[in-house]
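Let us walk through this structure together, one part at a time. Keep the sequence and the 3D view open as you read.

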Amino acid sequence: MRLTLAYHAVSDMSFGDTTQLHGSSLSIDQEALRQHLLADRRLVSVDFHIVHPGDSCRFGVVFDILEPRAKQPEDGPNFPGILGPIEMVGQGFTHVLRGVAVTVLDEGAPLAGGKLVDMSGAAGDACPYASLSHLVVVPHLGPGLERHTALHALRLASVRAAVHLAGAAVGQPVATTEVFDTPGPVVAGREALPRIAYIGQIHSRQRVAEVDEQIFYGANTVGMVPVLLHPNEWLDGAVVISHSSRGVETYFYQNHPVITELYRWHRDGEITLVGTIATMAASDNDDRARNCMLAAQQAKWALAADGVILTKYGGGAPHADMALTARMCEALGIRTTVQVEDMSRDRRAESSQLFNYAEVDAIVHVGGNDTQWAVPAVERAIGGTLEAAAALGASQRLDAARLCGVVNQQGASRLRSFVY
Amino acid sequence: MRVVHYLNQFFGGQGGEEAADMAPRLQDGAVGPGRLLEQVLGHNTHIVQTVIAGDNYGAEQLEALTELVVAQVREAQADLFVAGPCFEAGRYGMVAAALCKAVQSELGIPVVTGMAPENPGVDLYRQDLYIVDSGANVSAMREVLSRMGRVATKLAQHQDIGRPTDEGYIPRGILHDEFVEHTAAERLVQMLVAKTTGKPFESEFTPPAFAAVPAPAPVADLSKARVAIVTDGGLVPKGNPDHIAPYAATNWGAYDISALDDLEGEGYEVSHRGYDTRYVEQDPDRLVPVDVLRDLEKSGVVGKLHDQFISTSGLANPLANSRRLGREIAAKLKQDGVDAVILTST
């Protein structure tokens, strides 16, 4: 399968009379975008803000961050199952607005512990999203909506806004392209190279997915078992984050750090990227045993992998499920590396590990509990509510885990934990 | 800098195993390895007092020895307490580490010791202390003392202590974050390719080893046993009277079930954020199976269901905390005459 990403670098984003891309200048017609989003009658109004790197600005609570992308119309749907019909993605041509993000805030989320982005200072330096220009979208929802209905409205608004914006790039000249091309598990001429796969969790059943919680080709993943995915499907809209978004944003599915890194090694002729498996963390023992077993078996018998990388989704139970999956892979002769974060509350190695399998011995540890910033008041704070904005704008201590992308489960973290 | 130094009978020049029962002896100034220590710490440093005791005495009279050492260090107005190095000497290591911990916590001054990683003092005290890795070879004394001196000086000057490999101490198991050049994804792939192709790789984390917990003897006769239910699934009476936190709980509760044959959902709630609690909230017997145990009690399979069940929330708890909760619960059950426990988790 061959996916070509057409990168349209955006150096300047501003509001204007029309939504269009001129060279690297993106102008946005707010009113047109507003009408587009308000087609969803659950929204009563929506505010937009443009934020640039280096701005003295903080915003939250973040529902999700997306990169504006739009498929070349004949090459497949955008966000199949949510926006478009359920057809395969990951092939053809997709237009990307580089350097830009659509960030949707959740006015209904409590500010305490809520995710945010800080665009400047020490926290900004640590936040991978601070180097992007953001269109911050603040949808205001009608009264009396159930929480999951409200969240579904945010999901719909997020993908609509991202695709709408990227529509400005369709038909424009393309300066840079990147091709993601691997035929899948059967690759001729690369027999000597290690066969590497990725097993990524896309939800944790500790929190039951709502009926309208669209995660995987529009499905809420209830009842789903691990499933084979072409790497390109992650990059091209098959998966978005669920309503529990600890350490994950859709932006890093579209730019999946593990998958893009595996592609780099694949192109360099060092490995063969043979495929990926999307799985779920369980909330009971049978589900756990089944998911872990099936993911490992697919890596072995469908992908014939020599090695797999595993990441989790959520907190402690997913952590343990990931480790059990890795152990089962090792038992089938597949070598593994896993990414963990610091799950302790006392920053002790002994409290942090959550598993202890001798064969799961290659661990990348992104830490997270030892990193805080004392951030100053900012000139501009954007919140879902005025109260949230006021609280966000004040000087305060910020924990790493609250800042999007710093303690990231998808592989984006530059943080590392060292044992002292 | 004023230093008090602790040595065992052997390094204190009082004799070998035959002197191991020796009661503590105080000497002004440096003794044996202390003279080297003074040299490596520099000319402004003086070992004002050396405490020497036999290994057996230390092991058997640790409380008295600790009291003495803390008093001496206080009286000497010391800025630093050093014990050892102890190399592989097990009794010496245990005592040296215990003394360091006591001085550190009671007087708040820097403490340093040294021993081989295999020394039993390491497992017990590594989290609390800087224990310099002395290796097993006593002839490395000068090198070991130099490392101990460097760590001690940094501690005394309130400087940051670097990574264990750089400073030469045994990892304490404390996590520190740092921003690094490569993303986690880059590190994952690099490590995996090395591992898959049989090349050396360095994990960023090595799980600590835990001592095995020996299983107790089986219950001799269940039909005469008092059986209690203990859960970490967070079931509490409505209103959570003991305020058990939904994660990292610091306490547990004991709740009366003496008059109940069955737990009803209306009377209980769940304080736990780590699992889908709906099914337990519908019917708490799913977590705390009072109904089934009453049946077993009536049919004589178990002697008696204990009058209380015990509950806490086992989510994201530091192990030190879990150990304490476990000890407290075990002591309470023991006191109540409970013979067997059914543990339910989530």
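Four strands of chain A form an open sheet in the order β5-β12-β10-β7, and their pairing is mixed. This is a predicted model, in which local features need pLDDT of at least 70, side-chain atom pairs count only at pLDDT 80 or more, and totals for chains, interfaces and linings use all residues. Residues are numbered from 1 along each chain as its sequence is written, while chains are lettered from A and ligands numbered from 1 in the order in which they are written. Helices (H or I, at least four residues) and strands (E, at least two) are DSSP runs, numbered from the N terminus, and two strands pair if DSSP finds at least two bridges between them.

At the edges of the sheet you will find β5 (43–51) and β7 of chain A, each pairing on one side only. On average, neighbouring strands of this sheet are turned by 20° against each other, direction ignored; axes here are lines fitted to C-alpha atoms, for helices over the stretch in contact, and angles run from 0 to 180 degrees between N-to-C directions. Strands of a sheet pair through backbone hydrogen bonds, either parallel or antiparallel. For β10 (residues 100–105) and β12 (residues 133–141) of chain A, the sense is parallel, over five bridges. Look for Val104(A), which stands opposite Val137(A) in β12(A).

Two helices belong in this picture. Helix α1 (residues 30–38) of chain A packs on the sheet and touches β5 and β12 of chain A, its direction making about 140° with that of β5(A). Contact between two residues means that their C-beta atoms, placed from the backbone, lie within 7 Å. The other helix, α3(A), lies across β5, β7, β10 and β12 of chain A and runs at about 145° to β12(A).

Now step back to the domains, whose bounds come from an automatic or database domain assignment. Chain A is assigned domain 1 (2–177 + 373–396) and domain 2 (183–372), with 26 Å between their centres, taken over C-alpha atoms. Across the boundary, 24 residues of domain 1 of chain A are in contact with 23 residues of domain 2 of chain A. On the domain 1 side, β7 (62–66) and α3 (147–166) of chain A each supply at least two residues, and α3(A) gives the largest share, five residues. That side has 11 nonpolar, eight polar and five charged residues, where Ala, Val, Leu, Ile, Met, Phe, Trp, Tyr, Cys and Pro count as nonpolar, Asp, Glu, Lys and Arg as charged, and the others, Gly among them, as polar.

How do the two chains meet? Their contact takes 58 residues from chain A and 41 residues from chain B. Among the elements that give two or more residues to the chain A side are α8 (316–331) and β23 (415–419) of chain A. By class, that side has 23 nonpolar, 20 polar and 15 charged residues. Here β23(A) pairs with strand β7 (residues 175–179) of chain B in the antiparallel sense, over five bridges, and Ser417(A) has Asp177(B) as its bridge partner.

Chain B has its own domain 1 (2–167) and domain 2 (222–344), with C-alpha centres 45 Å apart. Finally, visit Cys86(B), in the loop between β4 (80–83) and α4 (90–107) of chain B. Why does Cys86(B) count as buried? Because 28 other C-beta atoms lie within 10 Å of Cys86(B); the label buried needs 20 or more, exposed means 12 or fewer, and partly exposed is in between, with C-beta atoms placed from the backbone.
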